[in-house]
Amino acid sequence: MTNTTVLITGGNKGLGLEAARRLGQLGWTVFLGSRDEGRGQAAADKLAGEGVRVIMVPLDVTSDESVEAAARLVREHTGSLDVLINNAGAPGRGVTPAEATVEEIHAVYDTNVYGPIRVTHAFLPLLEAAGNPRVVMVSSAVGAFSVVTDPGQAASKFHELAYSSSKTALNMITVRYAQALPHIKFNLATPGEVANRKFAATDMNGHTGELTVTEGTDSIVGLATLGADGPTGIFVDRLGPIAW
């Protein structure tokens with residue numbers, strides 16, 4: 001796998017950075033996407049110091065211009081992209097349905113839903129040039145109806161509208177990509193353990209999760225490293241497939 005290439009959005013911290021580190025340790029070339037160029041370069045420098053082949057890519061998934069520029073930059077380094085990890089995400093402000101406005105919802109969807117569509121569309125030609133292309137969408141268990149309708153899950157009691165519904169939308173989008181483009185593996189990962197009601201500690205949740213960031217990336221790395229005979233259109237956590 002020494003010539004494998006991967007682009008990770010939101011790669012300057014948390015799950016994105018840890019996925020970059022783990023895949024870089026496999027000998028992959030990592031294109032580290034970061035909206036903040038300074039933080040992105042600092043993260044890239046840290047990885048490079050650990051022996052990872054890494055190229056920082058300025059990338060704001062909410063901007064058509066930024067995404068197009070990122071695709072041009074990656075094409076300067078490679079003629080194909082083996083793996084795309086759409087990791088960048090926005091949590092929103094936990095606004096309840098009664099208080100939610102279109103503006104609040106739109107801001108979250110712009111990153112969590114439109115962002116992966118923008119990036120996937122821009123990098124599709126590079127993915128199609130790869131021998132075993134894979135796209136990993138980083139979703140969340142709170143986007144699963146099976147989780148939010150389970151009284152035993154904390155998400156069922158957190159009546160938030162923007163983030164959870166954005167991840168549900170991302171789940172459907174990913175399945176439709178998988179059905180329409182069977183030559184590319186499109187799969188979804190949630191960084192947790194649904195059966196054990198655990199999630200990974202990240203900035204997004206104030207580091208309150210019981211799982212480490214490394215454990216949180218198990219599902220992401222697992223899907224990123226699928227072989228040519230691997231599945232497409234599935235939703236998994238670190239323990240395996242989860243119910244929609």
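Reader: What covers the buried residues of helix H1?

Author: In this predicted model, the cover over the buried residues of H1 includes strands S1 (5-8), S2 (29-34) and S4 (83-86), along with helices H2 (37-49), H8 (213-216) and H9 (218-224).

Reader: How many residues of H1 are buried, and which are they?

Author: Helix H1 runs over residues 14-24, and eight of its 11 residues are buried, so the helix is mostly covered. The buried ones are Leu-15, Gly-16, Leu-17, Glu-18, Ala-19, Ala-20, Leu-23 and Gly-24.

Reader: How are two packed helices described?

Author: The description uses the angle between their axes and the distance between the axes. Take helix H3 (residues 64-75) and helix H5 (residues 114-128): their axes come within 9 Å and cross at roughly 25°. H3 and H5 are therefore roughly parallel to each other. The crossing of H3 past H5 is right-handed.

Reader: Which residues make the contact?

Author: H3 contributes Asp-64, Val-67, Ala-70, Ala-71, Val-74 and Arg-75, while H5 contributes Arg-118, Val-119, Ala-122, Phe-123 and Leu-126. Sorted by class, this contact of H3 with H5 has eight nonpolar and three charged residues, with no polar ones.

Reader: How many helices and strands are there in the protein chain?

Author: The protein chain has nine helices and 10 strands. Its radius of gyration is 17 Å, close to the 18 Å that the globule rule gives for 244 residues, so the chain is as compact as a globular protein of that length. Buried residues account for 52% of the 244.

How values were computed:
Residues numbered from 1 in each chain as written. Predicted model: local features only at pLDDT ≥ 70, side-chain atom pairs only at ≥ 80, totals over all residues. Heavy atoms only, no water. Axes fitted to C-alpha atoms, helices over the stretch in contact; angles between N-to-C directions. Helix = DSSP H or I, 4+ residues; strand = E, 2+ residues; numbered from the N terminus. Parallel < 35°, antiparallel > 145°, perpendicular 65-115°, else oblique. Left-handed = near helix turned anticlockwise from the far one by under 90°. Contact = heavy atoms within 4.5 Å. Nonpolar A, V, L, I, M, F, W, Y, C, P; charged D, E, K, R; others polar. Buried < 20%, exposed > 50% of the residue type's maximum accessible area, 1.4 Å probe, protein only. Rg over C-alpha atoms; globule rule 2.2 N^0.38 Å.
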